[in-house]
Amino acid sequence: MDEQELDGGIANAGQVVRVGPHVLRPSSPHSGSVHAFLRAVKEAGFEGAPTPVGIDEDGRERLVFIDGEVPVAPYPDWSQSGSALASIARLLRRLHDAAREFDPQGLSWNDSLADPAGGTLVCHNDVELSNVVFRDGIAVALLDFEFAAPGRAVYDLAQFARLCVPIEDDFDQDRIGWLPADRAARLRIIADAYGLDRDGRAELLTAINDALARIEAAARRSIDTGGSGTVAMMNRRGGIEKFDRRRRWWTIHYDQFAAALL
């Protein structure tokens with residue numbers, strides 16, 4: 001059957017295709033672990049993730065295609081609504097609940113974005129709009145588990161907040177297609193929809209600090225080891241300077257976010 005290229009992605013842009021009822025994408029040394037995890041959460045009743053089929057002879061992983069809308073930048077207005085944001089938070093909570101009995105020990109994981117504090121709950125770590133399938137404006141599935149790794153649920157929530165509040169300087173928010181919004185209120189929506197208690201909300205703020213530091217460190221490592229192509233890609237995405245802008249913006253607005261979570 002013909003291969004239909006699917007939009008979205010960064011590292012795998014242009015390499016993810018649909019073939020009939022399946023999606024083919026590059027595999028990694030950790031694909032076997034991810035597939036074991038996806039099968040486990042499905043057995044636990046979570047329907048919001050791709051069902052793995054296996055690894056093809058050409059090295060690509062094969063998963064069952066999930067029908068729906070996947071926003072890509074510049075993001076459509078409906079995907080930036082409070083209701084869409086809350087639906088992702090609820091979906092992520094259901095994933096975490098389904099993952100609690102899965103034992104990640106002895107398996108291999110991509111630790112590029114993993115929780116620096118460690119943990120035993122396998123987390124997605126990269127929940128952003130182009131990794132979410134929507135139907136009628138409501139999130140129904142998460143995609144692209146390539147950065148899945150053991151950690152804490154609150155850290156996974158912090159990475160999601162970083163990407164979808166978003167925790168970003170105004171310049172970079174505009175550049176990637178986010179509309180002006182009360183971002184502190186959007187963090188409150190995430191905490192409410194996920195069901196965080198008072199202690200969890202305080203922990204979320206600390207975890208956001210961890211998430212910001214983790215993605216910056218990963219980006220700087222990739223530039224140091226990736227050559228001119230990696231630098232060019234980084235420049236297209238706002239340059240390494242965006243991390244300085246982000247840290248300054250978060251420091252300036254931190255108290256607003258803390259107040260919104262009370």
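Biologist: Is F102 buried or exposed?
Modeller: This is a predicted model, and each value here is computed from it. A residue counts as buried when its relative accessible area is under 20%. F102 has a relative accessibility of 14%, so F102 is buried.

Biologist: Which aromatic cluster does F102 belong to?
Modeller: W109 is one of the members, and with a relative accessible area of 13% W109 is buried. The one cluster that holds F102 is made of F37, F102, W109 and F145.

Biologist: How many aromatic pairs does the structure hold, and what kind is the pair of Y75 and W178?
Modeller: The structure holds eight aromatic pairs. In the pair of Y75 and W178 the ring centres are 5.2 Å apart and the planes stand at 55°. Planes under 30 degrees apart count as stacked and over 60 as edge-to-face.

Biologist: Are Y75 and W178 buried or exposed?
Modeller: Y75 has 13% relative accessibility and counts as buried. W178 has 5% relative accessibility, so W178 also counts as buried.

Biologist: What kind of pair do F102 and W109 form?
Modeller: Their ring centres lie 6.4 Å apart, within the 6.5 Å needed for a pair. Their planes are at 85°, which is over 60, so the pair is edge-to-face.

Biologist: Which arginine lies over the face of Y194?
Modeller: Two arginines over rings can be named. R18 lies over the face of F65, at 3.8 Å from the ring centre. Over the face of Y194, at 5.1 Å from the ring centre, lies R93.

Biologist: What should helix α1 span, and what separates its end C-alpha atoms?
Modeller: Helix α1 covers residues 31-43, which is 13 residues. At 1.5 Å a residue, the helix should span 18 Å. The distance between its end C-alpha atoms agrees, at 18 Å.

Biologist: Which residues of α1 are buried, and what covers them?
Modeller: The buried residues of α1 are S31, S33, V34, H35, F37, L38 and V41. Helix α1 lies across β4 and β5, running at about 160° to β4. What covers its buried residues includes β4 (52-55), β5, α2 and β6 (121-123).

Biologist: Which strands are the edges of the open sheet?
Modeller: The sheet has five strands in the order β1-β2-β3-β5-β4, with antiparallel pairing. Inside that order, β3 (residues 22-26) pairs with β5 over five bridges. An edge strand pairs on one side only, and the edge strands are β1 (4-5) and β4.

Biologist: Which residue in the turn between β7 and β8 has a positive phi?
Modeller: Strands β7 (residues 132-135) and β8 (residues 138-142) run antiparallel, joined by four bridges. V132 stands opposite L142 in β8. The two strands form a hairpin with two residues between them, and the turn residue with a positive phi, about 55°, is D136.

Biologist: How far apart in space are R221 and S112?
Modeller: R221 lies in helix α6 (residues 198-236). With a relative accessible area of 42%, R221 is partly exposed. R221 and S112 are 109 residues apart in sequence, while their C-alpha to C-alpha distance is 9.7 Å.

Terms used: Residues numbered from 1 in each chain as written. Predicted model: local features only at pLDDT ≥ 70, side-chain atom pairs only at ≥ 80, totals over all residues. Heavy atoms only, no water. Phe/Tyr/Trp six-rings, centres within 6.5 Å; stacked < 30°, edge-to-face > 60°. Buried < 20%, exposed > 50% of the residue type's maximum accessible area, 1.4 Å probe, protein only. Lys NZ or Arg CZ within 6 Å of the ring centre and 35° of its normal. Expected span 1.5 Å × (residues − 1). Contact = heavy atoms within 4.5 Å. Pairing = 2+ DSSP bridges. Axes fitted to C-alpha atoms, helices over the stretch in contact; angles between N-to-C directions.
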